[in-house]
Amino acid sequence: MDAPQPHTQSGYLGGKLLIASPLIGDPRFDRTVIYMCAHDSETAMGIILNRPMTGFRLPDLLDQLDVAGGAQAADAPVLEGGPVDRDRGFVLHTLDVACGPATEQVGEDLGLTATQEILNALASDAAPARALMALGYAGWAAGQLEDEISLNAWLVADADHSLIFDDQPEDKWARALNKLGVTPEFLTAASGNA
């Protein structure tokens, strides 16, 4: 089996984190942290990492989808991955499990899969070492994300597994900012001053 190839181009933001600034101006993205799965000259796509769905866990979703053993899956949140295709599921995971060509390599060491095969793996002893499930994604047309970054709507940071896969979504935004040496209090106060 061929190893999946990265779904990004050099010089773009695939494999990075986008961190919403107070200037975002869109409540759908207020205080979000997004893992960028794909970015090139035509499009950009990412998964919001810090918006868990209220009262909806991975075993619940797998059970609703009639995935065998779903109730025994890791008790993890299901994330609101973004405003696009909200009824479609995406699993961001380590590459110790890959589903052939259905797994797109995103960044250096993660895969994105949206098939029944990965759902079956999540409910089994062959689950990826680290994974998260999201419904929907964040997407941008050609040049749109670059425009938003130039307007200071987003900050960019390197991604790491501890931030991507931890189970503390409520403070993920502040911790992502801290990776850049920025405290949320300073950023919020500074954004209103000319």
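User: What makes the residues around the largest pocket count as its lining, and which of them lie nearest its centre?

Analyst: The largest pocket is lined by 22 residues, and Ala76, Pro77, Ala131, Leu132 and Phe165 lie nearest its centre. They count as lining because each has an atom within 4 Å of a point of the pocket, an open set of points on a 1 Å grid over the protein atoms alone where a 1.4 Å probe fits, with protein on both sides within 12 Å along at least five of seven lines. The model is predicted: local features need pLDDT of at least 70 and side-chain atom pairs pLDDT 80 or more, while totals for chains, interfaces and linings use all residues. Residues are numbered from 1 along each chain as its sequence is written, and side-chain values use heavy atoms, without hydrogens and water.

User: Why is Gln105 called buried?

Analyst: Gln105 has a relative accessible area of 11%. Buried means under 20% (exposed is over 50%, partly exposed in between; 1.4 Å probe, protein chains only), so Gln105 is buried.

User: Why are Cys37 and Cys99 described as buried?

Analyst: Cys37 has a relative accessible area of 1% and Cys99 one of 6%. Both values fall under the limit for buried, so both residues are given that term.

User: How many disulfides are counted, and by what rule?

Analyst: The count comes to 0 disulfides. The rule requires a pair of cysteine sulfur atoms within 2.5 Å.
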